[in-house]
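Subject: Structure handover

Hello,

Please find below the structure I am passing on to you. My notes on what was found in it follow.

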Amino acid sequence: MTKGKHLSLSDRIKIQTGLNQNISFYQIAADINKDPTTISKEVRNHLVKLRKGSIGKSHNSCLHRKKCDEQGVCSNPTCKKSYCRSCTYCNTYCSKYVEEACPVLNKPPYVCNGCLNRHNCSLFKYEYIADTAHKQYLETHQLQYFRTRIGTHESDHYSVAESRT
């Protein structure tokens with residue numbers, strides 16, 4: 001197991017592939033020679049919330065969606081949905097909206113990547129996407145590097161100025 005090294009894009013692709021195949025963090029960690037905690041932290045830090053429905057269903061994450069009789073909440077004159085439970089936008093406008101969260105997401109793997117029910121689910125999807133995770137990492141890493149460099153130069157400037165007085 002390597003310690004102190006950052007995950008590469010290929011490591012992140014292996015994580016995504018493993019999640020898609022329902023492989024445990026322990027097995028993924030062994031494949032890329034990292035600690036399982038590293039995999040867990042990576043997934044939780046870089047999951048992406050997607051507003052997706054499923055085959056034949058629009059996205060609707062309202063707790064009341066199965067028994068809802070509300071109509072016309074979105075006030076969209078072009079909406080052809082007879083009930084709001086079939087509308088993609090009712091969640092935004094309905095005063096009775098309560099988001100239902102999938103209880104499976106509270107435990108590893110924390111994402112929907114390998115979920116067998118994802119094609120029947122109309123809730124928000126949480127996914128680990130390797131490319132997105134790597135871009136986020138690079139942006140954060142570059143920002144930290146930049147802040148460190150600016151901080152170092154500023155402190156050098158102040159220490160030189162103080163020594164002249």
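The side chains of Arg118 and Glu127 form a salt bridge, with N and O 2.4 Å apart. A salt bridge here is a side-chain nitrogen of Lys or Arg within 4 Å of a carboxyl oxygen of Asp or Glu. Before the rest, a note on the basis: this is a predicted model, in which local features need pLDDT of at least 70 and side-chain atom pairs count only at pLDDT 80 or more, while totals for chains, interfaces and linings use all residues. Residues are numbered from 1 along each chain as its sequence is written, and side-chain values use heavy atoms, with hydrogens and water left out.

Salt bridges

Glu127 also pairs with Lys52, where the closest N and O atoms are 3.4 Å apart. Glu127 lies in strand S2 (residues 125-128) and Lys52 in the loop between strand S1 (47-50) and helix H4 (90-93), so this pair ties together parts 75 residues apart in sequence. Helices (H or I, at least four residues) and strands (E, at least two) are DSSP runs, numbered from the N terminus.

Glu127 is buried, at 10% relative accessible area, and Arg118 is buried as well, at 16%. Lys52 is partly exposed, at 36%. (Buried means under 20% relative accessible area, exposed over 50%, and partly exposed in between, with a 1.4 Å probe and protein chains only.) Through shared partners, salt bridges join Lys52, Arg118 and Glu127 into one network.

Over the whole structure, the search finds 5 salt bridges. Another one of them links the side chains of Arg12 and Glu42, at 2.8 Å from N to O. Arg12 belongs to helix H1 (residues 9-20) and Glu42 to helix H3 (residues 36-45), so the contact ties together parts 30 residues apart in sequence. Arg12 is buried, with a relative accessible area of 2%, and Glu42 is buried, with 7%.

Backbone

Most residues other than glycine have a negative phi, and most peptide bonds are trans. The peptide bond from Pro108 to Pro109 is cis, with omega near 10°. Pro109 sits in the loop between H4 and S2. Tyr110 is in the loop between H4 and S2 too, and has a positive phi, near 70°. Its side is settled by the area figure: Tyr110 is buried, at 18%.

Asn22 has a positive phi as well, near 60°. Asn22 is in the loop between H1 and helix H2 (25-32) and counts as partly exposed, at 48% relative accessibility.

Regards
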